[in-house]
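Here is a friendly walk through one model, starting with what surrounds its ligand. Have the structure open as you read.

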Amino acid sequence: MKALVWQGVNRVGIENVPDPQILQPTDAIVKITSTAICGSDLHLLDGYVPTMMHGDILGHEFMGEIVDVGKDVRNVRVGDRVIVPFPISCGSCWYCTHDESSLCDNSNPNAKNAEALWGHSPAGIYGYSHITGGYSGGQAQYARTVFADSNLFKVPSHLTDDQVLFLTDILPTGYMGAEQANIEPGDVVAVWGCGPVGQFVIRSAFLLGAGRVIAIDRFAERLAMAEAAGAEALNYEKVDVFTSLKEMTAGRGPDSVIDAVGLEAHGQGLGGVYDAVKQTTRVAETERPHALRAAIQACRKGGTVSVPGVYGGLGDKIPMGAFMNKGLEMHSGQTHVHRYVKRLLNHIEEGRIHPEEIITHRLSLDEAPQGYQMFKKKHDGCVKVVLNPWA
Ligand code: NAD
Ligand code: ZN
């Protein structure tokens, strides 16, 4: 089959690789109909995650049709159309039975190595390096999925791929990012980053009762998409965000601040792990504002900080003094996708959220390497790329 593989820092390409096989009785093989490129994939492209190997298949936002199942699979069958959450849940550990699937204790076969390297071990994630289990990803024609009974969600046939694909990651991620911001009715919420995750944070914040949402980025198309969802936009290259936010909130600052940027602000997404090492030695601000730093500083006293943006590796430069002295509350984490699938499917079916509206580019899998560059540089108005592995 064809698959998009990691070939080194800033290099991905299409290769012919063996079709995946059932290895465990709880596995299922999915023939992929739609698969997307995520901001988290850019961290791999940029080399921030040092356990990638040449030939690793990327992709953790995918869906399709089940074409084979292991002998112990009960809840799904061949022919079912399913979405595949990016974090892998065993369904039976303490975290999985407490609805915190992204903290699963059993889905990462490399957990011991992760702990030795990082001091903690993430759950298994598709297409996301060996430190999260070394699972092949879904930017391919087929994928082997594991613990099929607890990870494959059937989707209604009257909804299109475009409507349900983002249930695998960025829609629940945006929703959880907003939910963890403790939004009270009428609150002012500021969101750093208007990429796919930020877009769903904004829409979810309104669903959860925010009175005003202020969206911060520098790309006009992304800010316009945020405005179309009802947000007020601030371009951080044109205005002083800290001062503007104070002026917009009677001098207090927003009630909640949400970082939907993550690592991008560090090496500016260009230099990979080596840039990150350099960053740790710098005390002063870098050329670009650091989103989380700016968010903590702008938040009103007693407010809430929510961080769906991904951090890890080296040097996060968090102003812990401000965080501590302002008595802030911070929530973060990989998304417990499983917790939100049903609730969000309902919002989609009832027309309260339209996930497909953030898709700006549809490409074939063969075009994925160009898609990565376009999405990374935010060229051509690119907000979200969806790939068709069979075009
Ligand atoms: P993206 O790269 O498309 O979007 C990031 C946006 O942030 C860009 O539009 C960029 O211009 C903007 N930005 C950069 N620096 C900024 C600054 N200082 N102030 C304001 N805006 C700034 O990525 P995405 O797909 O939207 O993902 C965003 C983040 O969410 C990534 O870190 C990704 O890894 C993370 N993520 C987390 C989870 C989770 O489970 N928690 C899941 C998916 C993605
Ligand atoms: Zn993702």
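## Around the ligand

The shell around ligand 1 is made up of 18 nonpolar, 11 polar and seven charged residues. Here Ala, Val, Leu, Ile, Met, Phe, Trp, Tyr, Cys and Pro count as nonpolar, Asp, Glu, Lys and Arg as charged, and the others, Gly among them, as polar. The model is predicted: local features need pLDDT of at least 70, side-chain atom pairs count only at pLDDT 80 or more, and totals for chains, interfaces and linings use all residues. Residues are numbered from 1 along each chain as its sequence is written, while chains are lettered from A and ligands numbered from 1 in the order in which they are written.

In total, 36 residues surround ligand 1, and the closest are Gly39, Gly193, Gly195, Gly262 and Val310 (a residue is near if its C-beta atom, placed from the backbone, lies within 6 Å). Helix 1 gives the most, four residues; helices are DSSP runs of H or I with at least four residues, strands runs of E with at least two, numbered from the N terminus.

## Two domains

The domain assignment, automatic or from a database, gives domain 1 (2-169 + 335-388) and domain 2 (172-332). Their contact takes 25 residues from domain 1 and 22 residues from domain 2, where contact means C-beta atoms, placed from the backbone, within 7 Å. On the domain 1 side, helix 1 (39-45) and helix 13 (337-349) each supply at least two residues. The ligand 1 shell draws at least three residues from each domain.

Terms used
Contact = placed C-beta atoms within 7 Å.
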